[in-house]
Amino acid sequence: MIGGIIVWAGWRWAFIIPGLAGFVWLLFWWRLYPASTNTPDTERMPQPVVPSPESGQEAVRHGLRQKHLRRIEVWGLLLSRVLNDGAFYFFVGWLPLYLAQARGFSLAEIAAFA
């Protein structure tokens, strides 16, 4: 899409149009989820229990290790990003340059091919 926008309207619009689309999405999101934007994080997050010598309760921790790194979903996401992002960004950066220099593609042809 970005290549098509550059060919159609110029390189400046390749920044303006996605930026405007982000603001439109933001307005949509605020209308769809109004309660989540008005509630402070401190009210939504469970508060840690501070142990007292009389109660015998243990402290509840909500740190990075206890909250996120123990979830298998987080490890699956981290593993997929580590294994895939290097190759993905190599091709995203290399393929248009290769098509332009070695194969003589124009920007419009690269955008259509991609």
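## Close-up views of an all-helix model

**View 1. A salt bridge joins Arg 81 and Asp 85.** The closest N and O atoms of Arg 81 and Asp 85 are 2.7 Å apart; a salt bridge here is a side-chain nitrogen of Lys or Arg within 4 Å of a carboxyl oxygen of Asp or Glu. This is a predicted model, in which local features need pLDDT of at least 70 and side-chain atom pairs count only at pLDDT 80 or more, while totals for chains, interfaces and linings use all residues. Residues are numbered from 1 along each chain as its sequence is written, and side-chain values use heavy atoms, with hydrogens and water left out. Both partners sit in helix H6, 4 residues apart, or about one turn of the helix. Arg 81 counts as partly exposed because its relative accessibility is 44% (buried means under 20% relative accessible area, exposed over 50%, partly exposed in between, with a 1.4 Å probe and protein chains only). Asp 85, at 21%, is partly exposed too.

**View 2. Glu 73 pairs with Arg 71.** Side chains of opposite charge can pair when their charged atoms come close. How many salt bridges does the structure hold? There are 2. In the one between Glu 73 and Arg 71, the closest N and O atoms are 3.5 Å apart. Glu 73 is exposed, with a relative accessible area of 52%, whereas Arg 71 is partly exposed at 44%.

**View 3. Helix H6 carries a kink centred on Asn 84.** The kink is about 40°, where the bend at a residue is the angle between axes fitted to the seven residues ending there and the seven starting there. H6 covers residues 72–101, and its end C-alpha atoms are 43 Å apart. That agrees with the 44 Å that its 30 residues should span at 1.5 Å a residue, because the expected span is 1.5 Å times one less than the number of residues.

View 4. A pair of aromatic rings is described by the distance of the centres and the angle of the planes. Rings of Phe, Tyr and Trp (its six-membered ring) pair if their centres lie within 6.5 Å; planes under 30 degrees apart count as stacked, over 60 as edge-to-face and the rest as tilted. Ring pairs also bring in Trp 94 and Tyr 98, making a cluster with Phe 90 and Phe 91. Phe 90 is partly exposed at 47% relative accessible area, and Phe 91 is partly exposed at 46%.

**View 5. Trp 25 and Phe 28 form a tilted pair.** A search of the whole structure finds 9 aromatic pairs. In this one, the ring centres are 5.0 Å apart, with 40° between the planes. Both residues lie in helix H2 (residues 13–32), 3 residues apart, about one turn of the helix. Phe 28 is partly exposed, at 42% relative accessibility.

**View 6. Ala 112 and Gly 3 are 109 residues apart in sequence.** In space, their C-alpha atoms are 8.1 Å apart. Ala 112 belongs to helix H7 (residues 107–113) and is exposed, at 68% relative accessibility. Stepping back, the protein chain has 7 helices and 0 strands; helices (H or I, at least four residues) and strands (E, at least two) are DSSP runs, numbered from the N terminus. Of the 114 residues in the chain, 4% are buried.
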